[in-house]
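Hi! Here is the structure I promised to pass on to you.

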Amino acid sequence: MFPDMIKRSVPGYTTIIAMTGLLAGRYAMPDSNLYDLGCSLGASTLAMRQHTRAENCTIIGVDNSEPMIQRCRSVIDTDSHDTPVSLHCMDVRDCAIEDASMVVLNFTLQFIDLEERAELVERIYNGLRPGGILVLSEKVIFEDPHQNQLNIDLHHEFKKANGYSDLEIAQKRSALDNVLEPESLDSHRQRMRQAGFGSCDVWFQCFNFASFVALK
């Protein structure tokens with residue numbers, strides 16, 4: 001049920017995944033690694049695999065849920081593209097980033113403790129080749145309280161339009177309150193610049209969900 005749930009909960013999710021593939025087609029370098037950190041069922045992994053044209057690339061998918069990794073493996077096995085995919089059940093904070101031309105963090109960083117996020121982004125930067133990119137997609141908050149509440153309300157309306165009841169929306173919000181901690185757009189930009197990225201900005205946003213591209 002995960003693919004259906006996330007499409008009904010995250011506005012623009014399908015577009016973000018599709019564009020992740022197009023970015024891989026542009027930025028994947030020969031003889032390099034592409035990482036999908038928090039790969040879940042492998043949507044971003046598959047998108048990168050289907051668009052990567054550079055030779056001798058390997059896509060590395062990481063997730064801390066063994067059932068997710070097993071299901072991801074079965075999804076990848078049905079795909080006919082030939083870029084190798086290596087899947088690992090581990091915490092993304094323990095994953096070594098090496099010789100990478102692209103790293104994807106789609107709705108993963110928001111579940112990492114705030115004080116550990118900078119270190120992870122710095123390790124990603126250090127593991128990227130010059131010219132490599134980080135794609136970071138997150139739920140965000142707005143500094144202006146009126147804008148923040150507006151986008152929360154619009155997100156709730158989006159979920160209701162996709163079949164969720166008010167009770168289901170409230171239950172999901174309560175369940176995520178202690179595990180998902182969103183940040184502002186400026187906080188993300190500042191962290192990536194401090195890590196060393198020379199170029200970083202939003203390429204997609206819908207309500208309180210946004211995706212960044214940061215270039216080394």
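**What I found**

In β8, Ser-211 is the bridge partner of Phe-204. Before I go on, some ground rules: this is a predicted model, in which local features need pLDDT of at least 70 and side-chain atom pairs count only at pLDDT 80 or more, while totals for chains, interfaces and linings use all residues. Residues are numbered from 1 along each chain as its sequence is written, and side-chain values use heavy atoms, with hydrogens and water left out.

**Strand β8 and its partners**

The names of helices (H or I, at least four residues) and strands (E, at least two) stand for DSSP runs, numbered from the N terminus. Two strands count as paired if DSSP finds at least two bridges between them. Strand β7 (residues 199–206) pairs with β8 in the antiparallel sense, over seven bridges. The two form a hairpin with two residues between them, and Phe-207 in that turn has a positive phi of about 55°.

β8 also runs antiparallel to strand β5 (residues 128–141), and seven bridges join them. Ile-133, for example, has Leu-215 as its bridge partner in β8.

Is β8 buried or exposed? Six of the seven residues of this strand (residues 209–215) are buried, so the rest of the structure largely encloses it. Here "buried" means under 20% relative accessible area, "exposed" means over 50%, and "partly exposed" is in between (1.4 Å probe, protein chains only).

**The cores**

In soluble globular proteins, nonpolar side chains tend to be buried together. A nonpolar core here is a set of buried Ala, Val, Leu, Ile, Met, Phe, Trp, Tyr and Cys residues joined through side-chain atoms within 4.5 Å. The largest one has 29 residues, and Leu-37, Val-103, Ile-124, Leu-134, Met-192 and Phe-197 touch the most other members. Two or more residues of this core come from each of β1 (33–37), β2 (58–63), β4 (100–106), α5 (114–127), β5, α8 (185–195) and β8. Apart from it lies another core, of 13 residues, including Leu-23, Ala-28, Met-48 and Cys-57.

Next, look at α5. Its 14 residues should span 20 Å at 1.5 Å a residue, and its end C-alpha atoms are 21 Å apart, which agrees. (The expected span is 1.5 Å times one less than the number of residues.) Arg-117, Leu-120, Val-121, Ile-124, Tyr-125 and Gly-127 are buried in α5. They cover an arc of only 170° around the axis, so they sit on the same side of α5; the arc is that of the directions from the helix axis to the C-beta atoms. The buried residues of α5 pack against β1, β4, β5, β6 (183–184) and α8. Glu-115, Glu-119 and Asn-126 are exposed, on the face turned away from the buried side.

Helix α4 (residues 66–77) has twelve residues and reaches 16 Å from its first C-alpha to its last, close to the 16 Å expected. Which residues of α4 are buried? Ile-69, Cys-72 and Ile-76 are. Seen down the axis, the buried residues of α4 fall within an arc of 60°, so they line one face of the helix. What covers them includes α3 (43–51), β2 and β3 (85–89). On the other side of α4, Pro-67 and Asp-77 are exposed.

**A few single residues**

Thr-20 lies in helix α2 (residues 13–27) and counts as buried, at 0% relative accessibility. Thr-78, in the loop between α4 and β3, is exposed, with a relative accessible area of 68%.

What about disulfides, meaning pairs of cysteine sulfur atoms within 2.5 Å? By this rule the count comes to zero. For Cys-95, the nearest cysteine sulfur is that of Cys-39, 10 Å away.

Finally, Asp-31 has a positive phi of about 60° although it is not a glycine. Asp-31 lies in the loop between α2 and β1. Asp-99 has a positive phi too, near 50°, and lies in the loop between β3 and β4.

Happy exploring!

Key: Contact = heavy atoms within 4.5 Å. Disulfide = S-S within 2.5 Å.
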